Amino acid sequence: MYMLEIENLTKKFGKFTALNNVNLQVEEGEVFGYVGPNGAGKTTTIRVLLGILQATSGTANVFGKDAWKDAVEIHKRIAYVPGDVNLWANLTGGEVIDLFVSLRQKSDKAKRERLIEKFELDPTKKCRTYSKGNRQKVALIAAFASDADLYILDEPTSGLDPLMGEFFVEEVLNLKNSGKSVLLSSHILSEVERLCDRVGVIMKGNVIKTGTLDELKQSAACADGKLPDSMEELFMRYYKVSEGV
């Protein structure tokens, strides 16, 4: 059984098709990267998986359960970090972390303290005083301190400085080494290259390629056989194909 499986998923908003027959699977114990330009459909896919949006057609299952019908049960076993975190203004960062962690079946107080120290967060401050980066830290600490089965991370390092971004990479590698499953949507392609076992590339609501980085590089080889030198070059080649350039 896949940790999550999407089959022929289509989501329309009126006449606009945000997702067009998308197929994706995330296996147990893997970090799956989901990349594409702004507006490609990454966040819409994640919102369907979280039960926030209902699919127009197709299926989206998490832990073998229907993402829309069984959302409450599914959320007990996942940890989610959005790219733009909104917090309760009058609660402290520590209170918000404790609230989120309490929603999971298991938590680790020692890990919570380690993460607060590592990410240099003052948990006693009210959330209304936090910068975007600090709000992001609250969500990341809450997620990493939870013993979830699946971590869904949607542009999770938005607003973080490079040092904190490096700490994020370390924590995802810890999850990976613990056999956890991660769906990582990111614009930071160096993160994807370092962390992900497989990658799905989405353009204009269509997943145009899925595979390991080596498989994606082979499929994006130039006519002369030259492979992309970096994730950035690989992404640009797929983008040009999607645009007919």
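This dialogue covers the aromatic pairs and the charges over rings in a predicted model.

Visitor: What describes a pair of aromatic rings?

Guide: The distance of the centres and the angle of the planes describe it. Here, rings of Phe, Tyr and Trp (its six-membered ring) pair if their centres lie within 6.5 Å; planes under 30 degrees apart are stacked, over 60 edge-to-face, and the rest tilted.

Visitor: How many aromatic pairs does this rule give?

Guide: The count is 3. One of them joins Trp 88 and Phe 100, which are tilted, with 5.8 Å between centres and 45° between planes. Trp 88 sits in the loop between strand 6 (78-81) and helix 3 (93-102), and Phe 100 in helix 3, so the pair ties together parts 12 residues apart in sequence. Helices (H or I, at least four residues) and strands (E, at least two) are DSSP runs numbered from the N terminus.

Visitor: Which geometry do Phe 144 and Phe 168 have?

Guide: Their centres are 6.0 Å apart and their planes at 40°, so this pair is tilted. Phe 144 belongs to helix 5 (residues 132-144) and Phe 168 to helix 6 (residues 162-177), 24 residues apart. Phe 144 is buried at 0%; Phe 168 is buried, also at 0%.

Visitor: Which charge lies over the face of Phe 63?

Guide: A charge sits over a ring if NZ of Lys or CZ of Arg is within 6 Å of the ring centre and within 35 degrees of the ring normal. Arg 77 lies over Phe 63, 3.8 Å from the ring centre.

Visitor: What are the ground rules? 

Guide: Residues are numbered from 1 along each chain as its sequence is written, and side-chain values use heavy atoms, without hydrogens and water. In this predicted model local features need pLDDT of at least 70 and side-chain atom pairs count only at pLDDT 80 or more, while totals for chains, interfaces and linings use all residues.

Notes:
Buried < 20%, exposed > 50% of the residue type's maximum accessible area, 1.4 Å probe, protein only.
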